[in-house]
Amino acid sequence: MAEVEETLKRIQSQKGVQGIIIVNSEGIPIKTTMDNSSTVQYVGLIHQLVMKARSTLRDLDPQNDLTFLRIRSKKNEIMIAPDKDYFLIVIQNPSD
Amino acid sequence: MSSKTPKSTVSSAGSKRKGKDKKSVTPVHSESVPGPGHPDDIFPLVLTSATQELFGCRADEDVTGESPYKLLRKDDIVQDMKRRAAVSDFSTVKQIVLDYPEEEILLVFDRDFTYGQGFYLVLTPEAKEKILNPPLRSETETSGECEVYKTPEPKLWISLGSEQDIEEESVKESREKLKYKLSRVRRKFGTLVCFSDWNTADAKDGDVECASYSDSRFSIKQMERDCGIQAIPKLQSSSAQTQWKNQKNMCTQYEPRGFSEEEKESLVQSGSLKNFINSVTPRVLQSLQQNEIMDVFLDNWTALGIGAEEFDTGERANNLMVYQAFTDMQYSKDKTISSINWHPTISGVIAVAMTENVSLEQRFNQSTKFLLNPPLILFWCFHDACTPQLLLECPDDVFAFEFCPTDPNIIIGGCMNGQVVLWDISTHVKYLQGSMPRVRKETSNSDAFDFEENRENETPLVRYCAVSAVDSGHKAQITDVQWLPQTFEVTKTGTPVENKNKTCVQAITCSPDCSVMFWDIRVSVNQPATKLKQNVDQKQPVKSYGVPDTFSHLDRSWKPLLKVSLPMIDVNGEYSPLKFSLQDYICDSHTGSNTDAAHLHEDRAEVTPDYSKLQVPSAKTLKSLDDVNTKFFVGTEDGEIVYTDWRLEKDNDSGRLHSAKPLHCFNVHDWWVNTVQRSPFFKDVILTVGGWNFAIWKEGVMDGTIFQSPPSTQVCTAGCWSPSRPAVFFIGKANGNIEVWDLLEKTHDPSQIHNITSTKITCIKPWIFSSKQHFLAVSDDKGMLHILEIPRMLYRPSSDEKLRVRIYLETEVDRLVYFTKRRDVWAEEKKDTEAMELKKKSEPMKSLDYFNEEEQKEYQEYQELETSILKSMGLLPATDNMKEF
């Protein structure tokens, strides 16, 4: 538990990080640093996107798999690191 | 005469036709007269087979359908006739043959029995010729069509057999008519007739019945009937109603799935999550750091912001170019301009307040002169540099005036004697709009001015509408006046409340008599009574003709709503304010309005309110606005910047309301503060100019200035922010220089210095005329108003200028905060070091002996150490070693 906390703190301490969410494979948030409504919104939308991205890659090449997904927008960047059972969403606002 | 016989021949011929073979043609015992249906010059003939053989014209052998012509010699026929006499077939035509002129007679085999018999004899040589050599008819027929139609000539009637038909149909007597004669005895005529009954049944044939009978001829069954039929498309509409059993959702209400707290805890504890985190973290950290290192998506070229067109012009573009200069011989002589204001709505119109450029003593000496020539506010328009467009008469020298933001026809000013003045130029605004040219207008002038007015002097003069009561105004000259924004108003205790009318109704003035006053231009609650009283006491005030009575309810009886004094923080005394600046407040009820200007425009009432009808509402009825910042900055005569709250506090002892002590006071400038202005881009950044330097403050950071300029050799007499570039501001100096400071370029020196005039600059005001033209109005001590055009570089902000300035200010704030912290730390350290030194000094002096003893001890220890080392190294002198043995 402490390890998880510590790692999350490390990520949180990076410059510009606005929020971190840990989501399970079904799309239910497990741990989050943002408020509930934003978390639910992010999770609901990003879960679908990750599923779509993953299925796209698997369709193109069944031996391939998604390792990282970065969505860069005007205001911030959303980074999603998927895994077998969970995935981690980090929202960063690059200050430059 | 002739009986109807041809029918039989035809019928027999018909039967013969059916036979149509070499059967012998049965002779017909009919008289072979040329029956109807054949021309006269041929004679149908029957030839027996014997005759045929004899003459070599056997049917279908010698003569055929193709060659039916046979020429027979006349002599042969005659011989045949002689030989066979009556049996000869030619007997019928005996006479014709004998009469025939030529030697040969044509016999034609009539295969088709067209003329009734198997053969026919051509009777005339002409016909023979015609038959044998049928004339070519085909060509002549076609050419005949093109010929002109000739009326047919009457020809002899050719019998074609029609007369026989007529003869047949005509009724002729077949026998003689029979005559009968009937007679009766004469005496029986005319006698009475006796009728008697007679039963018809008695005698046979007594009656003749004519019974009706159904004639079968008439019972015709209609087998056919004509009827019309039209085809049309078959249309059919039908409907059916089914039971809609297919269910579908009308609406769905859902909420997201979540885990309960225990589940979350258990999951967090689980090993799989730990593994996940460990595996994922490096990637995430790497990406995060990548973003930190560099922004790969930044387009450097576009981020440069400034296009190529900036670099084409050279030096010329960087200077403030003089656009126009306004001065008037009559009005500006010996006067100085104390304040400038651009007209908020009419572009190109600027108003300047002219004041006497004399010291106080001279004022007293020359006071009579001033009565005759009242001080004025001049309105200049761009199109006319020589004559002002409008003059406003002031009761005394005006040092500060402002246009009302919601109604630019109302102008408030503060005079030298402490009175507050109001003008209403709504009737004369047309002169400013340029619709009426300023020259030669006396004939068309329907508005009559004051009779004192010089007719030839074309500039219209407007008298003030209202002045405040002499005894209730300021005691010293009013140096600054500002309108309260129309979003809120202030009650008698200074509490801000909402402003129901969307116009500015209150103004604030300040004066070196250590007070800041709030004025309301509406009818106050106390007003009517006093006004009435005044009217009874005094004569009716002589109202000049042409003065609008917009503010007649205020005239001469105007009292301030609220008076705020500025007691000094530490000592007894009061600050004497010269300029102030309060924070604007944007009303919450208007969502989405970003700028004040937009806000004002939409709120500006189409009809300016009638101020005499507006009443100051009671404080209880209005909603108080708690988020209005009631604190404001004041610049004083001594160069201090005071930050205070205008709300009146209740004094605990006496229960009276009095002004609170200011929150902060900073002594930054050394002389008069002449400008306290908020930045148009950051509402908490204030520029203050006074003495020999200027400073930038941030509201909320009360440790000190964010930026303070180094003291310059000249007195800074005026300053203003640039309205379009957040980092630029202009400072006017006493030697007539304008300094352009750019915070992002350099902060120790001005970016540019321009010399405009030779006397001191009294006021600077910028104005955005159009997107390409930005002007700076500069007034000097000699009464001249210079309009300078700001070059493009100075008015066009770079794309991220606001951000950079914000960052700069934030770093400055950080520096300040850091500096103050360090200062505290140093102060503490200094205290500590001092304490330590003090402690050291207070300790008793150690004696010399003590020191010696200490030294001896040390020396002995050192010697022992030396011997032990030498011993261990084996370098001891010999004497010692021998001693040991």
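These exercises concern ring contacts and confidence in a predicted model. Residues are numbered from 1 along each chain as written, with chains lettered from A. Local features need pLDDT of at least 70, side-chain atom pairs count only at pLDDT 80 or more, and side-chain values use heavy atoms.

**Exercise 1.** Classify the ring pair Phe382(B) and Phe769(B).

Solution. Rings of Phe, Tyr and Trp (its six-membered ring) pair if their centres lie within 6.5 Å; planes under 30 degrees apart are stacked, over 60 edge-to-face, and the rest tilted. The centres of Phe382(B) and Phe769(B) are 5.5 Å apart and the planes stand at 40°, so this pair is tilted. Phe382(B) is in the loop between β8 (376–381) and β9 (390–393), and Phe769(B) in the loop between β35 (761–768) and β36 (774–780), 387 residues apart. Strands here are DSSP runs (E, at least two residues), numbered from the N terminus.

**Exercise 2.** Decide whether Phe382(B) is buried or exposed, and do likewise for Phe769(B).

Solution. Buried means under 20% relative accessible area, exposed over 50%, and partly exposed in between (1.4 Å probe, protein chains only). Phe382(B) has 13% and is therefore buried. Phe769(B) has 28%, so this residue is partly exposed. Both belong to one aromatic cluster, whose members include Trp380(B) and Trp767(B).

**Exercise 3.** State the confidence of chain B and find a stretch where pLDDT stays under 50.

Solution. pLDDT is the predictor's confidence in each residue, from 0 to 100. Chain B averages 76, with 78% of residues scoring at least 70. Residues 527–543 of chain B stay under 50.

Notes: Helix = DSSP H or I, 4+ residues; strand = E, 2+ residues; numbered from the N terminus. Contact = heavy atoms within 4.5 Å.
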